[in-house]
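Thanks, everyone. I'll take a few minutes on how the two chains meet. Please have the structure open.

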Amino acid sequence: MAQPQMRRAIESGVPDNKQYLHPLLAKNYGNWKYHDRPRPGVLHHVSHSGDEVWTVRAGTQRQMDIHTIRKLCDIGDQLAEGHVRFTIRSNIEYMVSSADKVGPLVAALEANGFPVGGTGNSISMIAHTQGWLHCDIPATDASGAVKALMDELIEDFRHEEMPNRVRLSTSCCEINCGGQADLAVIIQHTKPPKINHDLVANICERPSVVARCPVAAIRPAMVNGKPSLEIDESKCMCCGACYPPCPPMQINDPEHSKLAIWVGGKNANARGKPTFMKMVASGLPNNPPRWPEVSAMVKNILYTYKADARPWERMADWIERIGWPRFFEKTGLPFTKYLIDDWRGSRANLNASTHIRF
Amino acid sequence: MAKKLHDTPNLDQLESGPWPSFVTGIKRLAQNNDMAVDLLGQLETSYRTRKGYWKGGTVGVYGYGGGIIPRFTELKDDNGEPIYKDAAEFHTLRVMPPPGMHYTTDVLRKMCDIWEKHGSGLIALHGQSGDIMFQGATTDNVQKAFDEINEMGFDLGGAGPAVRTSMSCVGSARCEQSCFDEAKAHRAVVNTFLDDMHRPSLPYKFKFKFSGCPNDCMNSIQRSDMAVIGTWRDNIRTDEVLAKKWFVKHGQDELVNDIVARCPTRTFQLKQIKDVRKGEHISSVAVNDTHAIEIDNKDCVRCMHCINVMTGALAPGKDKGATILMGGKRTLKIGDLMGTVVVPFMKLETDEDMEKLVDLGQRTIDFFAENALEHERTGEMIERIGLANFLEAMELEVDPNMVASPRMNPYVRTDGWDEEVAKINARKQSATTQGE
């Protein structure tokens, strides 16, 4: 039987960005001298050639319908110069060649519901995941939690009044696709997976599921006469690593999958070396559509930091200065035994000194 | 006109408030798009039950083994029929963006037109790996959408155990801190590994990321198996006009408290002009008639802080290049790993320099493919075999810049010590005779 003629892909890879660059960006490529920020949400870059370019940054919802994208394009054609880019946090940036264009562009973006900001010492848009909208393993949603949180943080997106830049992320499982951040909201499961023994043999490659477990708590077993898997629940720390390769090991639980808060991640090398974030709270309910308990705790931590940190201190720098006991004291968060690290390398996270703040 | 909207009392609550609403956007699509109507139905169900209802599967485009994220609904009625049948197949195309995520409005409009015709109309700019995510196509439409996107000059990204889509910062296009041509390096490297991207057959994922300076705006040190981070070897550059302008605006207290006190190696000092040292490795610039900044570049770790605070007045040097770090990843399986230095500095200016970078990537991926266990990331593999063994396999020379400190335990067999010293001395000798 003749196969239908299939189109062969053009394996072109990453496209050249030169064709999309604003002409001033192309002309001054690699030759920029400095920048300043005339107002929050606006960057002004000056080249060694003397050329200047203004950038207006605005927040988006990331998961955008084509009508929203076309609206952003209309604004770009009518009030900017047809060249845009996106930041790693889904903000859109319009580049223009004259300062006169900034005011009308800012006004149009705000009038159409796109907040202008996210520059300098602001709280930028939250890096986030897919959640219930599109992921196959999520315990919660991403876009909704982010929308609810940004509704409450928007004034600190529009202004540059934080001690230093603030980067947030959310993640719908412990894989943490949202990534390291000054403050991250991440699912924390609290019960071992519930196994559907009828399905394991047909769906799961059992040895590789066994191999995925970080604490070797999973072993092959015959259950009700069927080849399946069983879990040593005294060892299981409920990470959910077994769930993606074996969906019958259901880890998500509407009640027992909680949300945890992590703080102090920093990828920049500025001042101290990059840091990983630390868990400071858990047990928050997965409470759609607006997750008010999460928002309240995030705001509590962010505004304690805002009030207490010195200029240029990122979350991690602030905590390094005041110490963890005072972090918990100032935020009012309980320091529980679950926050004492016991994973490999954990002794490095204990206080091997008499450095104690009284 | 599409079919009637389902009641979505939960999602409706995400339409109020000042931040742009994805729910409002999907509802706009739902006015003439049944897939969007049923997507809202399924999502509302998730909000009500607090459960996810998508499962993966096998959907692809002709000739490729990855790049499509298949999604089939698991919400079925008693007869096994999908409850929200028009969103029963809701696959995503991962498409690689241009470096720095630059677009013209024209190219964005073309993407919208394609996705209006073949998909749900929902596009994420961008996913966490950096892809343009065309979200929501039926199995039949995936190939059609890809063909048109591909004809526009765009290609699928990675998924599964493959080289993944990469990201690079705005960099040289619009940033004064850029230390190499990020876009050029990004394309040179990733476009070498398209076979490993489009036909997943590695032990696990492999990510490259490119940041133009140590501010690492792409978060490459924590999120990529091979991080290319710009840096420089010579002295910090200075500009007296901008330094004095900064000082007039900010004053001495800010200079002392925000910069001097925050320099991680205390090499940034404020001195009377008459006391400023001269020398090959000293950068200095007056901030007023009596005082100047002095930086001993031999003690500077290129952290970027002073340059961030006084941008323009201070700038990275001219002898630019990149530091290469390997092994960054998030928790699963053995815990978080930060990328660590494997090449303290390499130039990235000429085509030959770029070839060396590509070659390093090639050797790393080859070694990873042969030696990593299934589902083991590069950092975990290095942890298992030890950095020294990895370096030896990669023919990279050991360097004290690769460690935070030397070994803290005696559990090592050192009977090859004299031989190693001899090798190092021979290398030094040959470097001297070559006049490096």
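The contact between the chains draws 104 residues from chain B and 96 residues from chain A. Bear in mind that this is a predicted model. Which element gives the largest share of the side of chain B that touches chain A? That is helix 4 of chain B, residues 105–118, with seven residues. By class, that side of chain B has 47 nonpolar, 36 polar and 21 charged residues.

Now stay with helix 4 of chain B and look across to chain A. Helix 2 of chain A, residues 66–78, packs against helix 4 of chain B at an angle of about 160°, and the two axes are 10 Å apart. Angles over 145 degrees count as roughly antiparallel, so helix 2 of chain A is roughly antiparallel to helix 4 of chain B. The crossing of these two helices is left-handed.

As for the residues, helix 2 of chain A brings A:Ile66, A:Ile69, A:Arg70, A:Cys73, A:Gly76 and A:Asp77 to this contact. Facing them from helix 4 of chain B are B:Thr105, B:Leu108, B:Arg109, B:Cys112, B:Trp115 and B:Glu116. Sorted by class, this helix contact holds six nonpolar, two polar and four charged residues.

Last, the strands. Strand 4 of chain A, residues 63–65, pairs with strand 6 of chain B, residues 122–125. The pairing is antiparallel and runs over three bridges. What stands opposite A:Gln63? In strand 6 of chain B, the residue opposite A:Gln63 is B:Ala124.

Note on methods:
Residues are numbered from 1 along each chain as its sequence is written. Chains are lettered from A and ligands numbered from 1 in the order in which they are written. This is a predicted model: local features need pLDDT of at least 70, side-chain atom pairs count only at pLDDT 80 or more; totals for chains, interfaces and linings use all residues. Two residues are in contact if their C-beta atoms, placed from the backbone, lie within 7 Å. Helices (H or I, at least four residues) and strands (E, at least two) are DSSP runs, numbered from the N terminus. Ala, Val, Leu, Ile, Met, Phe, Trp, Tyr, Cys and Pro count as nonpolar, Asp, Glu, Lys and Arg as charged, and the others, Gly among them, as polar. Two strands pair if DSSP finds at least two bridges between them. Axes are lines fitted to C-alpha atoms, for helices over the stretch in contact, and angles run from 0 to 180 degrees between N-to-C directions. Angles under 35 degrees count as roughly parallel, over 145 as roughly antiparallel, 65 to 115 as roughly perpendicular and the rest as oblique. A crossing is left-handed if the near helix is turned anticlockwise from the far one by less than a right angle, and right-handed if clockwise.
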